[in-house]
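Colleague: Hi! Could you walk me through this one? I'd like to chat about it a bit at a time.

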Amino acid sequence: MTITDEAPNQLGYRQFRVGGFTFSRDEYFVTVEWPTGNHQMPVDHWLRCVQRDVAWGFFYGIVNFDSVIGTMNHYGTVDMFAGRFNEAYRRAEVDYNETFGHDELLDCFRAMLSDWTNEGYDPFAAPLETGSAFGPSSGNNDEAVTRRRVVAERMVGVPGDEPLRSDDSGFPVNRAFADVDQGEPEIDAAPGYEDEVCSFNLFAYLSRSDVTWNPSVVSACKESLYCPTTEEFTLPVIHGNDRVEWFVQISDEIQWDVEDRDTGAKRARVIMRAGDVAAMPADIRHTGYSPKRSMLLVWENGSPRIPEMIAKGEAPVHPVDF
Amino acid sequence: MTDYKTVFGSLEDYAKGGVHIVDDDPKYYAFSNIFEVASQAAPYEKIAVGKNLEYVLEAIRAEGTSEWRATPHDEFALVMDGTVRIELFDPTAELVDPSTGGSVTLHGEPEGNPMGTVTAQRGHMTMLPAGKAYRMHCDGVGVVLLQTIEGPDTVYRWADICQTF
Ligand SMILES: [Fe+2]
């Protein structure tokens, strides 16, 4: 149960407590305290991380907010940890982990996002497209922080499934994608087959995305999920995989820092340009940098059995053997 | 306001990145480029560029007219280069076991009803519905990325297409 019964601090922000964790914010920083330690992070970075963790329902595997704090999804329950994937914290035995019900931690994060996000700041937006996260409490941006994540059943644009984006539906073309062709495919369906002859302009759809670093499902072949996203500036979180995931760079360039999932030791940098395909092994963590807004196709196998299969050695840590 | 230029790739013009190793094996990243793979492929070869257990991403060089194929589950064809016309067909008989993965080659013309056609250009994604048949046509050379399950015609060529050092 999240406890927020204390009065807001002098700046107007409430303090949140869940289990042994306490979260408070001031004009610039978030302070996290737990029974064996404490930690601070700039509040803009914190809100960007919490926003994604909430939108993704804790995503696949580990969402590190930085090298100390993060969450690990067990698909029903979720761990919140401090120093668990940090060698120094573990060696000193000051790392800390607590397991919560999925909704319990989600509710705490949601309440925090609502209270700590000021009017004019959008944690999903690129820094050039939003106001400041700093300063005393002033209004809210609940409309932005409660956006619904797109999850297509078959494919975007199929009748009854996720709709296309347009100016009229509130999704104008992003400033960095003004040159992306907006023409739709030519569809000629025989009578009676209108609902099954389906095609749409995915690149135009992505050019109208109003968020960054937010993979959302546009097509599903059983458990194979296309989760494209538009990226600008940095991926705020360091994503720790619990399965192999794949990237297809659709446009422009992203550079990835790849580290060992458990220790944070640097393993590789991966530079991806349009048309490049790369796997991320199941035992790494990664964060990305996109200097210009780019289109990235994140490809996931959404099977809930995978983490257990990897633990039992039934699913590979590396994508292919050759 | 800044004038941004969005860079897409094509068979004619792509600039491959790569894995810069600090302490790892580049093979673990199975790094390839769709346009490079398609530029070295035979027409309509289904070359895996991604694999996650039974699921695959296939890079396909679209050139001329493909054979008819029947798919047991939804597949999705994303045109990455060129203009590709996709014909969809509703067969009278079941042409592929719905419990299997990946599409199968049909020999000759299927019997049944034409469902329609899609003319797709770069960035356009087309659903190839479960239980139906399709074929593709491209006047020049195009590239399609197919979201599917590994099947009898999936080609694995990792050692040739992936960065190994
Ligand atoms: Fe990731």
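Predicted model: local features only at pLDDT ≥ 70, side-chain atom pairs only at ≥ 80, totals over all residues.

Modeller: Happy to. Residues are numbered from 1 along each chain as its sequence is written, chains are lettered from A and ligands numbered from 1 in the order in which they are written, and side-chain values use heavy atoms, with hydrogens and water left out.

Colleague: Let's switch to the metal. Which residues are the protein donors of the iron ion?

Modeller: They are His239(A) through ND1, Glu245(A) through OE and His286(A) through NE2, lying 2.0 to 2.2 Å from the iron ion. Donors are N, O and S atoms within 2.8 Å of the metal (3.2 Å for Na, K and Ca); water is not among the atoms, so sites may look incomplete.

Colleague: What spacing do the donors follow along the chain?

Modeller: The spacing is H-x5-E-x40-H.

Colleague: Nice. How much space lies in the largest pocket?

Modeller: About 380 Å³. The search runs on a 1 Å grid over the protein atoms alone: a cavity is a set of points where a 1.4 Å probe fits but cannot get out, a pocket is an open set with protein on both sides within 12 Å along at least five of seven lines, and lining residues have an atom within 4 Å of a point. Grid points are joined across faces, edges and corners, and a volume is the space filled by probe spheres set on the points.

Colleague: Which residues lie nearest the centre of that pocket?

Modeller: Arg148(A), Val150(A), Arg165(A), Phe171(A) and Asp210(A), out of 23 lining residues. Strand 12 of chain A gives the largest share of the lining, three residues. Helices (H or I, at least four residues) and strands (E, at least two) are DSSP runs, numbered from the N terminus.

Colleague: And cavities, how many of 30 Å³ or more?

Modeller: The structure holds three, and the largest cavity has about 130 Å³ of space. Among the 15 residues lining that largest cavity, Phe59(A), Pro215(A), Leu235(A), Trp256(A) and Val298(A) are closest to its centre. Strand 18 of chain A supplies the largest share of this lining, three residues.

Colleague: Last topic, backbone angles. What is phi of Phe58(A)?

Modeller: Near 75°, a positive value in a residue other than glycine. Most residues other than glycine have a negative phi. Phe58(A) sits in the loop between helix 1 (43–55) and strand 5 (62–64) of chain A and is buried, at 0% relative accessibility. Tyr75(A) also has a positive phi, about 55°, without being a glycine, but Tyr75(A) is partly exposed at 37%.

Conventions:
Buried < 20%, exposed > 50% of the residue type's maximum accessible area, 1.4 Å probe, protein only.
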